[in-house]
Amino acid sequence: MEAQLDPMKDDLPLMANTNYMLVKHYILDLDVDFQSKVIEGIIVLFFETGSRYRKTSSTGKEGCQSQFDETCKIRASGPYHVPVTKVSACSSKTEYNDFAICGKGEEDTSDKNGNHSNEEQASGISNSKDFFDIENHGKKDFLLVLDCCDLSVLKVEEVDVAAVSGIEKFTRSAKLTDDSKELENLRNQIVHELVTLPADRWKEQLYYFTCCSQAPGCGELLFTTSTWSLEIRKSGIKTPTDFPHAIRIWYKTKPEGRSITWTTDQSGILSWYYYVTMPMPASTFTIAVGCWQEVKQQSFAAAIQTNIEFSLPSSQADFRWHEGICGHVEYPCRFQNPAARLQAVIPYRVFAPYCLVERCKEHLLQLIPQCLSAAYTTLGTHPFSRLDVLIVPSNFSSLGMASPHIIFLSQSVLPGGGHLCGTRLCHEIAHAWFGLAIGACDWTEEWLSEGFATFLEDIFWAKAQQLSHDEVKAQQELKALLRWRRLRDEVQNSEEELQILRPKKESTGELSESGASVVKHGLKAEKIFMQVHYLKGYFLLRSLARTTGEASYLASLRKFVHKFHGQLVLSQDFLCMLLEDIPEQKESGLTVESIFQNWLDTSGIPKPLLEEGETWKECQLVRQVSGEVTKWIQTNQRIRKSNKKKRKQDDVIFQKLLPDQLVLLLESLLEEKTLCPRILQSLEKTYQLREQDAEVRHRWCELVVKQKYVPGYGDVEKFLREDQAMGVYLYGELMVNEDAKQQELAHKCFATARDHMDVSSAKVVAEMLF
């Protein structure tokens with residue numbers, strides 16, 4: 001299989017045998033070398049025997065409800081913490097405090113997976129089939145399989161947790177038998193006792209995890225690395241039950257590793273310590289290492305008083321039903337914490353490069369409490385206790401990314417006022433509930449994260465701006481039209497198989513006997529730039545909201561959050577709950593099966609959406625744009641007909657437009673075959689397009705390219721340099737016109753940016769240019 005996979009086009013294999021061994025906690029201790037572009041260190045993994053080897057295994061799915069056993073917690077789920085030290089320094093002492101930061105370094109966590117390629121063979125065993133037979137576990141050594149790529153594994157060893165001072169308390173509580181007196185079994189029982197401590201002992205648990213991670217080794221383990229996995233065994237160990245439940249792995253990243261982005265404006269590093277107590281899939285984990293400046297604000301309490309005038313959620317009764325037992329594995333849950341349930345704004349900080357500090361003060365600082373409070377008013381309890389917002393450089397591959405306790409925002413969202421910054425911030429805040437607190441059981445169902453975040457960003461942003469009902473409706477209809485146009489264009493210009501939200505259909509969520517699976521199309525580079533999961537997911541949720549009524553719909557969302565937080569879900573878990581809550585929908589013929597058929601399992605624009613695009617044209621904000629477009633077209637026609645270069649267009653009075661209206665205006669003008677240079681010059685001057693946000697400037701650059709407006713080429717070059725998260729499409733536009741100047745511009749910009757670009761972005765652009 002490995003030899004045939006194209007690392008940029010095919011499905012992503014997830015090899016870990018999680019049904020046999022499941023990671024319950026992991027600790028990283030890393031050194032970062034910016035000169036060699038290598039991160040080196042150790043990871044200590046603490047395991048529990050997987051569901052296939054439990055005395056009482058979980059049942060299968062019942063109706064629409066997933067059982068959320070260990071099988072569903074794919075890819076190493078568990079709390080983690082990460083000490084990072086300077087490459088030339090010794091490991092620093094860790095301290096325990098609520099914010100868990102030592103020194104001035106930065107912390108973090110997020111969502112890109114690190115599965116790419118590593119064809120290097122390490123010492124140890126050569127072929128897993130030589131040692132492990134799935135059908136006959138007793139005859140050959142058990143093989144632990146972990147997902148692993150772009151890493152050089154140096155050494156693997158068992159950890160002697162029994163050597164930790166004070167660990168005896170866990171051996172006393174263990175039910176020892178004659179066999180368990182053997183030291184190997186005793187170590188495994190210690191790990192079992194540690195990972196199963198009740199939630200109210202989480203501080204003690206974290207302390208002993210840290211102590212165990214620093215315990216001495218007690219024997220090297222045999223291992224090999226293949227393209228997609230690290231395979232480990234211990235001679236003579238036949239079953240997962242007897243395999244070491246605490247192991248330490250030494251490894252290095254590779255400079256070319258595609259899960260790591262290196263930038264040129266960061267240097268130096270101090271030590272920091274970070275942990276999270278909520279079990280999280282490893283796919284949500286990200287580290288940001290570098291020197292940023294904290295954007296200072298007035299005191300947290302004062303900031304809330306100054307910026308927030310929202311009331312607490314009016315429907316607290318929505319939340320009371322869940323105050324019994326949560327459905328997730330045990331951990332200190334904020335949904336069960338009375339103080340957390342009343343916290344509208346969680347503590348937050350902002351970090352940015354020095355040159356962007358003032359710009360962050362201008363808009364971002366005041367937006368954060370407004371957006372956090374709007375999210376709380378909509379969904380209730382914040383899943384995480386604190387938030388850091390980090391402004392990342394121009395080569396970051398997206399406008400934003402969310403992880404436990406941290407949001408990455410591209411510097412591209414800062415210019416042009418607060419609109420793009422606010423909407424993107426709302427989108428990433430929504431991921432705290434959808435994507436982090438609740439994740440997709442099958443990674444192919446990304447719409448469960450991105451569709452929900454896109455839908456909720458509008459609701460959060462409207463509340464953050466404190467808009468009237470009519471203003472909310474007008475803005476959301478304008479946004480719906482823009483998204484409909486984007487979806488229409490994407491469907492016309494992408495492979496049909498990449499337009500399907502549930503590509504594995506009825507097989508979605510299924511794992512192999514060992515727990516392995518694949519992410520359909522997970523390696524296709526172009527998929528990174530597609531928005532179909534955002535857009536079709538958004539329109540599905542919007543359609544359901546309109547059908548059920550917004551108040552009832554939001555109440556169902558809150559119920560869904562409280563029922564499924566801390567768990568991984570499939571599409572039917574949400575859809576079944578929603579239809580059960582609103583039984584009249586079943587009478588109208590709306591079923592899970594019909595939603596699958598119309599929205600999730602087919603390519604193209606969903607049938608219910610095909611005609612809806614026309615209805616938004618009657619929106620007041622849209623009609624206002626139509627009027628302005630007509631003025632520009634008529635002015636352009638007059639100038640082209642006139643032989644004299646009179647400034648007739650100066651007599652026309654153009655209205656001031658909102659950022660989203662400007663986007664629609666420019667998109668509409670892009671449909672015109674020819675616009676004269678004077679019109680383009682006047683257009684830029686009238687709306688000060690060079691000072692607008694990145695969404696508006698992107699459309700302006702498209703117009704410049706299409707009309708071959710040479711005075712605007714500097715704007716295109718600046719955009720490709722400073723807004724790389726959005727500039728990939730422009731390279732294609734520069735090449736497709738077959739204009740020598742434009743192609744020269746594309747090659748020049750790519751040559752300058754290539755070494756610092758995101759790897760997938762660089763590959764896609766290179767295919768356009770060469």
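Colleague: Is the crossing of H9 and H12 left-handed or right-handed?

Modeller: The H9/H12 crossing is left-handed (near helix turned anticlockwise from the far one by less than a right angle; clockwise is right-handed). Helices here are DSSP runs of H or I with at least four residues, strands are E runs of at least two, and both are numbered from the N terminus. Bear in mind that this is a predicted model: local features need pLDDT of at least 70, side-chain atom pairs 80 or more, while totals for chains, interfaces and linings use all residues. Numbering starts from 1 along each chain as its sequence is written, and side-chain values use heavy atoms, without hydrogens or water.

Colleague: Fine. At roughly what angle do the axes of H9 and H12 cross?

Modeller: At roughly 125°, with the axes of H9 (residues 447–465) and H12 (residues 550–564) coming within 14 Å. Axes are lines fitted to C-alpha atoms, for helices over the stretch in contact, with angles from 0 to 180 degrees between N-to-C directions.

Colleague: Which residues make that contact between H9 and H12?

Modeller: H9 brings Phe-452, Phe-455, Leu-456 and Ile-459, and H12 answers with Tyr-553, Leu-554 and Leu-557 (contact means heavy atoms within 4.5 Å). Sorted by class, that gives seven nonpolar residues, no polar and no charged ones. Asp, Glu, Lys and Arg count as charged, Ala, Val, Leu, Ile, Met, Phe, Trp, Tyr, Cys and Pro as nonpolar, and the others, Gly among them, as polar.

Colleague: And H10 with H18, how do their axes cross?

Modeller: The axes of H10 (residues 469–492) and H18 (residues 659–670) come within 10 Å and cross at roughly 40°. This crossing is left-handed. From H10, Leu-478, Lys-479, Leu-481, Leu-482 and Arg-485 meet Asp-660, Gln-661, Val-663, Leu-664, Glu-667 and Ser-668 of H18.

Colleague: Where in the chain do Phe-170 and Tyr-208 come from?

Modeller: Phe-170 is in H1 (residues 168–173) and Tyr-208 in H3 (residues 202–213), so the pair links distant parts of the chain, 38 residues apart. Phe-170 has 2% relative accessibility and counts as buried; Tyr-208 is buried too, at 8%. Buried means under 20% relative accessible area, exposed over 50%, partly exposed in between (1.4 Å probe, protein chains only).

Colleague: Which residues form an aromatic cluster?

Modeller: One cluster takes in Phe-434, Trp-447, Phe-452, Phe-560, Phe-564 and Phe-574. Phe-452 also turns up in the contact of H9 with H12.

Colleague: Which residues of H22 are buried?

Modeller: Val-728, Leu-730, Tyr-731, Gly-732, Leu-734 and Met-735. Their cover includes H20, H21, H23 (740–753) and H24 (759–769).

Colleague: And Gln-724, buried or exposed?

Modeller: Buried, with a relative accessible area of 11%. Gln-724 lies in the loop between H21 (713–722) and H22 (728–736). Not counting residues up to four places away in sequence, Gln-724 touches Ser-394, Asn-395, Phe-719, Ala-753, His-756 and Met-757.

Colleague: Last one: where is Lys-527?

Modeller: In the loop between S18 (517–519) and H11 (532–548). Lys-527 is buried, at 17% relative accessible area. Leaving aside neighbours within four places in sequence, Lys-527 contacts Glu-446, Leu-498, Lys-520, His-521 and His-533.

Methods
Rings of Phe, Tyr and Trp (its six-membered ring) pair if their centres lie within 6.5 Å; planes under 30 degrees apart count as stacked, over 60 as edge-to-face and the rest as tilted.
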